[in-house]
Amino acid sequence: MAYSNKVIDHYENPRNVGSMPKEDPNVGTGLVGAPECGDVMKLQVKVNPETGVIDDAKFKTFGCGSAIASSSLATEWLKGRTVDEALAIKNTDIVNELSLPPVKIHCSVLAEDAIKAAINDYKKKQGAGKTVDTHAQPTA
Amino acid sequence: MPMPIKLPIYMDYHATTPVDPRVVQAMLPYFTEHFGNAASRNHPFGWEAEEAVEKARKQVADLIGASPKEIVFTSGATESDNLAIKGVAEMYREKGNHIITCVTEHKAVIDTCKRLEKEGYRVTYLPVQKDGLVDLNDLKAAISDKTILITIMTANNEIGVVQPVAEIGAIAKEKGILFHTDAVQAVGKIPFNVNDLKVDMAAMSAHKMYGPKGVGALYVRRRNPRVLLSPIIDGGGHERGMRSGTLNVPGIVGFGKAAELCRLEMASDTARVTALRERLNRKLHEGLDEIYINGSIEHRLPHNLNISFAYVEGESLLMGINDVAVSSGSACTSASLEPSYVLKALGAGDDLAHSSIRFGLGRWTTEEEVDYVANKLVSVVTRLREMSPLYELAKEGVDLSTMQWEVH
């Protein structure tokens, strides 16, 4: 399988690998995927409660190079966005940016799911009550 | 000064092997000056070709303790497996319609059996134990008066485990059932004698033993019992009617030479490659925790190592060692997006199947290469574990097997 240069770059120099404390009320954590499927992503956002802007994002991924690159890219895009802007990130944006081939589209879907799961977790902690559907609809 | 290493390093000798230069030398004249058709009976060009083929037939027969007349040349082991299984199924249809095989067989056997099922045959796919070996009691229990064939591989292409072939042969003989074995990975690597093992048919391939691609053979027993096969290719009646088609003379000559070299050098090759395999295994275990060997260590090909690196996905691991040619059981590396069915059959859990690497060492593997590969793997696995949420959870004491995952 040939990888795009952007996938290789994220694989070799992943951005924002790490973990933030799960208990922090301003941190939302999403854990999606399953080991038996060969992909598990953990994505965390730290939100400034005053502004609703994501100050920091971290990830850890068990998965192929494209899964690592999708989640690494997601953390880059999340920083500086508001929570609502973050929810606007679509898996197709990731597919286009990383030039993922059709067999790797599920990696981008998983990354979109991880974003939604992390933000839902944050909203739940904030008592916002309203959550969004965590299942991305693959559109590519 | 250690020898400089030439990259990329080839450690995928189960997939194929380079042709030994001595084999190439033996083959060359048969492309040009001795180009005859071995079936041309009325001129020297044909006679030379036929003589070369008969010499190779003896070389292959000698490697497995057979008589030359029992060797049928084919295009490779996939064809040999097809010929053995379909040939017996059709020839012995009156006697019964039941075939016994095993879940970890090569696709050339599994898919052939699946096709026969569609044609009304009944096939039992024996499970394997945790170590990858079939349980002989399962085999005995599966046998019925309709069983016409047992087909169990000698050594597995992924995990390298060597089945109890002699015991299976004895059971088959006692019950009067024909026994075929896909011996592709074993012949030339470990002692394999058709009489000691009581096999009636055995599939072999030249390119797995330092010979050329596109040529293989099927051993077909001629005495006690005499095995009869319906051909699957019709034509000029070559190979005693069992396999029509003009013989691939240079390929067959190369196969013969490769077989001879394997027979003469097996002891020294095995000693060398076993030491290298043990060195690789030791270095990986010294550098990493939570790595697991897939399949029996005791009953195993000397040049195979198949290891699961827990918490790290196989394809991402291959990406990190992209100057080393190995294979992975990870779904991401297969066209089907399913993890290795062989590793799944061991019951180790799909996550470990996704994390597996198959190392195949061979005639030209060096100690320097083994050290390079071991060091590189230790550093890549360590790096990937640092970014693995599973490793983090496991280190926090979470039991991953009891966690609720959202399966897509």
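Which strands of chain B does helix 7 lie across? In this predicted model, local features need pLDDT of at least 70 and side-chain atom pairs count only at pLDDT 80 or more, whereas totals for chains, interfaces and linings use all residues. Residues are numbered from 1 along each chain as its sequence is written, and chains are lettered from A and ligands numbered from 1 in the order in which they are written.

**View 1. Helix 7 against the sheet of chain B.** Helix 7 (residues 249–287) lies across strand 9, strand 10 and strand 13 of chain B, running at about 15° to strand 10 of chain B (axes are lines fitted to C-alpha atoms, for helices over the stretch in contact, and angles run from 0 to 180 degrees between N-to-C directions; contact requires C-beta atoms, placed from the backbone, within 7 Å). Helices (H or I, at least four residues) and strands (E, at least two) are DSSP runs, numbered from the N terminus.

**View 2. The open sheet of 4 strands in chain B.** The strand order is 9-10-13-12, with antiparallel pairing, where two strands pair if DSSP finds at least two bridges between them. Strand 9 (291–293) and strand 12 (327–328) of chain B are the edge strands, each pairing on one side only. Strand 10 and strand 13 (residues 356–360) of chain B are joined by 5 bridges, and B:S308 has B:S356 of strand 13 as its bridge partner.

View 3. A:G65 is buried, because 28 other C-beta atoms lie within 10 Å (the cut-off for buried is 20 or more, with C-beta atoms placed from the backbone). The residues that A:G65 touches, not counting those up to four places away in sequence, include A:Y3, A:V7 and A:Y11, together with B:E315, B:S316 and B:M319.

Technical notes: A residue is buried if 20 or more other C-beta atoms lie within 10 Å of its own, exposed if 12 or fewer, and partly exposed in between; C-beta atoms are placed from the backbone. Two residues are in contact if their C-beta atoms, placed from the backbone, lie within 7 Å.
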